[in-house]
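Subject: Structure handover

Hello,

After it come my notes on what was found.

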Amino acid sequence: MNLLALKRQKRGIIFTFLFLVVFSITPLLAQKYTLSGYIRSESGETLIAANLYIKELQKGAIANEYGFYSVTIDKGVYEISVSYLGFSTQSIQVTLDKNISYNFKLKSSVITRQEIVVESTRPDENTKDVGMGRIDLDVAKIKTLPALMGEVDIIKAIQLLPGVQSAGEGNTGFYVRGGGPDQNLILLDEAVVYNAAHLLGFFSVFNADAINNATIIKGGVPANYGGRISSVLNITMKDGSDQEYITQGGVGLIASRLTTEGPLVNGKSSFILSGRRTYIDVLAEPFIPDDARAKGSSYYFYDLNAKANYRISDKDRIYWSAYFGRDVFVFNNQESGFKFSVPWGNATTTLRWNHLFNSKLFLNTSVIYSDFDFGTSVEQSQFQFSLNSGVKNLTTKLDFDYYPSLRHQIKFGGQHIYHVFQPSVVQARSGENNFELPGVKNLFAHEFALYINDQWDISDAFQANIGLRASAFRQVGPYIFERYADPNLFELIERREYKRGDRVADYGGLEPRLGLRYSLNSKSSIKAGVTRNLQYIHLASSSGNALPTDLWIPSTEKVRPQIGWQYSLGYFRNFDENMWESSVEVYYKTLENQIDFRDGAVNGLNSNIENDLVFGTGEAYGAEFFLKKRTGKLTGWVGYTLAWAWRQFPDIMEGRRYPYKFDRRHDISLVASYDLDKRWTFSSTFVFATGNAFTVPESRYFIEGRIIDQIGDRNQYRLANYHRMDLAAVYTPKKQGKRVESTWTFAIYNVYSRLNPYFIYIENEGSLQQQSLNVQAKQVSLFPIIPSVTWNFKF
Amino acid sequence: MIRQSILYLFLAANFIFQACERDITLDLPAPKPFVVVHGQIEPDSFAVVSLSRNSPYFDPVDLATIASLVINGALVIVSDGIEQDTLQPTFYFQHFTLFNYRGTKIKGQFGRTYTLRIVTANEELEAVTTIPLPLPLDSLWVKSRADLIREAGNVTPAPRDEELIALYFKYSDPPELGNFVRAFSRRNEETLWSSSFGSIYSDELINGQSVEFILQRGKEAYLFNDSLTFEEFGYFEKGDTIYIKWCSIDRPHYTFWNTLSQSTGGSGNPFATPTIVATNIRGVRGNGLGIWGGYGTSIDTFIVAP
């Protein structure tokens with residue numbers, strides 16, 4: 001799209017915006033007043049998207065990401081109740097005869113265990129909220145679920161939801177409704193986390209102790225989010241208590257955690273610092289003899305989270321938050337002097353300023369830096385080889401929340417992202433000589449977006465979420481464009497070189513987002529949604545398993561932006577006074593400009609990874625069934641997903657359609673949690689999933705006495721079905737002394753020790769020279785039954 | 001108490017990281033038939049071609065099976081653009097390949113292009129290759145494994161390490177990008193040229209520069225000698241007379257060997273889609289796999305002091 005068309009689009013958006021503003025101001029002519037303020041916990045923690053309910057009007061509102069709410073209603077006396085996941089509901093009586101500012105402070109109901117009945121969200125949110133496929137996770141609840149080796153993992157809890165799939169055994173890579181792993185926008189305090197996995201994907205980078213809130217949106221993504229086409233996982237770090245100093249931590253099977261938080265200025269400013277590190281390397285070190293061949297080899301990972309905020313006035317608040325995490329793997333062979341080291345990890349930092357213009361207009365301004373780095377270096381005597389890759393961005397954002405009346409919640413804003421990609425930089429040294437791959441090391445791009453989104457109560461029964469996002473992307477030099485005549489890159493037919501700052505390619509487009517909800521009665525509703533999303537960055541993944549070696553690349557002259565359309569329709573119904581929630585959703589999704597490696601691509605040195613890519617489309621559809629018990633001693637849910645996901649590339653398999661690697665016909669999750677008494681909580685999860693698709697060799701041939709596989713069609717075979725049950729018990733003993741609180745979590749992963757397939761490989765037994773060779777397929781399973789104990793403390 | 005529990009935790013962690021595996025059966029359909037071509041042409045030599053078929057994946061392998069895959073009676077023609085040479089049946093073993101067709105008229109020349117045409121009862125295949133100009137080595141020298149261990153400086157070498165010899169080479173790459181090499185070695189009385197795992201080189205990283213590197217002893221040499229240990233792999237020995245065949249090859253020829261080594265060496269990632277071995281064999285009728293490759297050969301000899 002050219003820039004002129006883009007300008008025209010921008011003008012269109014401004015008109016739409018003005019129209020909405022004028023339209024929504026009209027009702028102000030009646031005698032109305034505004035009740036506004038913040039919803040926080042007792043300790044000052046922001047309660048994101050807390051629910052506010054006006055009994056007399058039978059209408060609700062939702063706080064924004066910073067806990068701010070605003071409702072403009074007729075003069076009168078109202079009973080207002082505010083509720084939030086894991087907190088006791090609070091109700092107040094308000095006489096609204098002028099604009100009133102009121103801050104709610106909710107009491108936690110999980111941690112103190114004062115009440116057995118946990119009031120979570122607004123009881124009828126399931127049927128009344130216009131948003132489809134948006135789920136808020138209760139971090140405190142997740143902590144009571146069984147976890148692999150006792151490491152509480154938010155992403156693994158998300159994988160238990162319908163429509164969200166895991167990559168495989170113990171893996172934190174997740175796939176939403178047939179989309180790729182790069183199509184999930186993973187945000188930590190608004191900063192993009194490019195690779196959310198530690199240790200080959202077994203653990204995620206999110207330390208649950210530092211997390212306040214996690215929300216996943218798998219469909220009907222509102223216009224304030226953009227840049228990815230499948231889903232949004234929005235994770236917010238805790239602000240820290242502004243009342244008292246709290247230190248908490250835990251000792252687990254593989255890692256330990258320590259978090260400290262407290263006020264910097266009482267009631268005005270707080271901080272939190274949190275760290276986690278694995279310690280197998282530290283424990284093993286003293287037991288390895290000095291002359292062991294592999295002495296000096298080790299593996300560990302760690303995460304550090306830090307956040308601080310300062311409330312300058314009722315109208316202004318600033319936040320700073322940061323994350324730094326690394327995986328470090330070193331392999332050392334003392335005898336040969338061979339040393340191999342692979343460090344990788346993410347770093348993010350976010351600076352935010354909240355400003356309240358008046359009781360109806362809220363602004364957040366953010367400056368965000370985010371970075372993912374991967375390095376490999378190999379050393380042996382005079383040789384040295386290193387490979388580095390990474391991606392970073394600097395984002396500036398303006399996000400407005402405007403609450404003209406109770407019928408409208410308007411969000412609008414804009415952002416600019418400066419992207420820097422380092423697909424792979426190879427350096428080698430042999431004695432005195434240094435070598436580098438020719439070509440361009442870093443790729444640069446700018447991404448812009450403007451959006452407006454209105455959540456509009458058209459009538460009591462009919463609600464709409466209307467949004468429009470306009471985005472644009474510009475790749476700037478340096479860049480080398482190469483085109484080959486044949487798929488094996490034998491003959492170069494075109495080559496163009498761009499200098500630093502040269503304009504290389506422009507892309508852009510409109511991203512309409514529409515969601516509708518129609519209430520059939522007080523217990524049930526029908527919802528429908530259609531969204532178009534554009535994504536300008538891509539993950540060139542050879543594994544699909546969220547390995548750190550996967551490369552992020554921008555859209556370029558050759559690689560076009562991904563386009564996703566999603567249509568969804570659902571029926572939602574609550575039972576037994578909202579004790580039970582149920583829903584059925586169907587979706588259909590198309591994906592354009594998907595990338596994959598061409599047949600015969602070789603992983604390794606390549607100065608221009610684009611030349612190894614081919615381009616195609618994807619299609620996904622399915623149905624999701626969800627039944628949840630919200631309240632009572634026993635809570636939990638059952639989710640079932642029936643799904644299909646396809647890919648089609650002109651240059652793969654002569655253009656025939658093939659199943660996506662994570663095409664999964666059936667996916668079942670069962671989650672149950674039972675609060676026995678103040679001391680004990682029991683929980684269990686069960687998952688069943690159709691086996692992952694994979695590619696096998698179909699025949700073989702001999703060249704120079706070596707056996708060569710002739711590879712069959714892609715993803716035509718299935719691993720065995722995956723199923724597993726986990727159990728956990730959380731014990732909270734009586735307080736030791738006055739201050740120390742502690743809990744013990746006993747968990748069993750894979751209770752019946754099902755040997756689930758991790759991968760299969762083919763082994764040749766014997767040899768050609770012995771004139772007999774047997775070929776055998778083998779299935780590798782990773783985790784048998786694994787008990788774990790974690791001790792958590794807080795004082 | 002705490003110390004003890006940490007020890008238990010550690011023992012449990014050890015237990016966890018042991019993966020288990022078991023045999024499974026994959027039910028594969030009958031494979032699509034391919035003609036597998038392995039042909040080569042070198043300066044001052046006639047072209048040689050081996051023709052065989054692919055076989056079902058899980059069929060047992062023995063010499064009788066391999067023999068049954070050989071294609072005899074095909075029409076195999078090499079052309080240099082002027083002349084044609086119809087290859088004759090033969091029985092010639094080199095490069096660990098039994099070549100069953102050999103030319104009688106056209107001998108390879110540096111810088112020329114050769115077309116291969118194969119006709120069987122059901123297939124007709126074509127391929128083109130060149131013999132690039134030679135890219136000779138600058139120099140060769142050796143270091144003992146014992147010296148290498150001493151350089152690393154952590155461990156004392158064993159007596160046997162004094163006997164094992166690493167062969168080094170220096171190579172200067174021409175200024176233009178796109179030079180590729182495949183290397184072979186043999187020693188003493190051996191008649192077969194063999195190549196090691198890292199026997200192919202591209203100048204993508206070192207273009208126009210000089211490089212010094214180790215040339216490993218060909219790995220096929222080990223197929224017939226079980227007494228060599230892992231530590232001895234890739235080394236020559238004191239007193240050896242080493243012959244190096246250093247061949248420049250064109251890009252398709254390099255790509256074939258490069259993808260082949262990826263597919264057999266395994267990229268170490270069991271989740272990745274397996275590497276498909278590239279081919280320059282084009283099926284006019286039916287399907288072909290393999291390589292028709294020219295070698296721009298230069299040969300060096302190095303005698304290691306006893």
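To start with one strand pair, strand 5 (residues 75-79) and strand 6 of chain B pair in the antiparallel sense over 3 bridges. Strands (E, at least two residues) and helices (H or I, at least four) are DSSP runs, numbered from the N terminus, and two strands pair if DSSP finds at least two bridges between them. Within this pair, B:Ser79 has B:Gln84 of strand 6 as its bridge partner.

Before the rest, a word on the model and its numbering. The model is predicted: local features need pLDDT of at least 70, side-chain atom pairs count only at pLDDT 80 or more, and totals for chains, interfaces and linings use all residues. Residues are numbered from 1 along each chain as its sequence is written, while chains are lettered from A and ligands numbered from 1 in the order in which they are written.

Chain B

Chain B has 5 helices and 20 strands. Of its 306 residues, 38% count as buried. A residue is buried if 20 or more other C-beta atoms lie within 10 Å of its own, exposed if 12 or fewer, and partly exposed in between, with C-beta atoms placed from the backbone. Among the contacts in chain B with a separation of 6 or more, 66% are between residues 24 or more positions apart; a contact means that two C-beta atoms, placed from the backbone, lie within 7 Å.

Helix 3 of chain B covers residues 145-152, and B:Arg145, B:Leu148 and B:Ile149 are buried in it. Seen down the helix axis, the buried residues fall within an arc of 100°, so they line one face of the helix. That arc is taken from the directions from the helix axis to the C-beta atoms. The buried residues of this helix pack against strand 11 (139-144), helix 4 (159-163) and strand 12 (164-172) of chain B. Just after helix 3 of chain B comes B:Gly153, with a positive phi of about 80°.

Cores and strand 16 of chain A

The largest nonpolar core has 91 residues, of which A:Ile154, A:Ile158 and A:Ile211 touch the most other members. A nonpolar core is a set of buried Ala, Val, Leu, Ile, Met, Phe, Trp, Tyr and Cys residues joined through C-beta atoms within 7 Å. Apart from this core lies another, of 57 residues, including B:Ile242, B:Cys247, B:Ile249 and B:Val277. If neighbours within four places in sequence are left aside, A:Ile158 is in contact with A:Leu137, A:Val164, A:Phe174, A:Ile216 and A:Leu233.

In strand 16 (residues 211-217) of chain A, 5 of the 7 residues are buried, so this strand is largely enclosed by the rest of the structure. Strand 16 pairs in the antiparallel sense with strand 9 (residues 134-137) of chain A over 4 bridges, where A:Arg134 has A:Ile217 as its bridge partner. Strand 16 also pairs in the antiparallel sense with strand 17 (residues 231-237) of chain A, over 6 bridges; there A:Ile211 has A:Met237 as its bridge partner.

Backbone points in chain A

Which residues other than glycine take a positive phi? A:Ala49 is one of them, with phi near 60°. A:Ala49 lies in the loop between strand 1 (32-41) and strand 2 (51-54) of chain A, and counts as buried with 22 C-beta neighbours inside 10 Å. For A:Gln58, phi is near 50°, also a positive value. A:Gln58 lies in the loop between strand 2 and strand 3 (59-62) of chain A and is exposed, with 11 other C-beta atoms within 10 Å.

A cis peptide bond joins A:Gly477 and A:Pro478, with omega about 5°. A:Pro478 sits in the loop between strand 29 (462-476) and strand 30 (479-484) of chain A.

Regards
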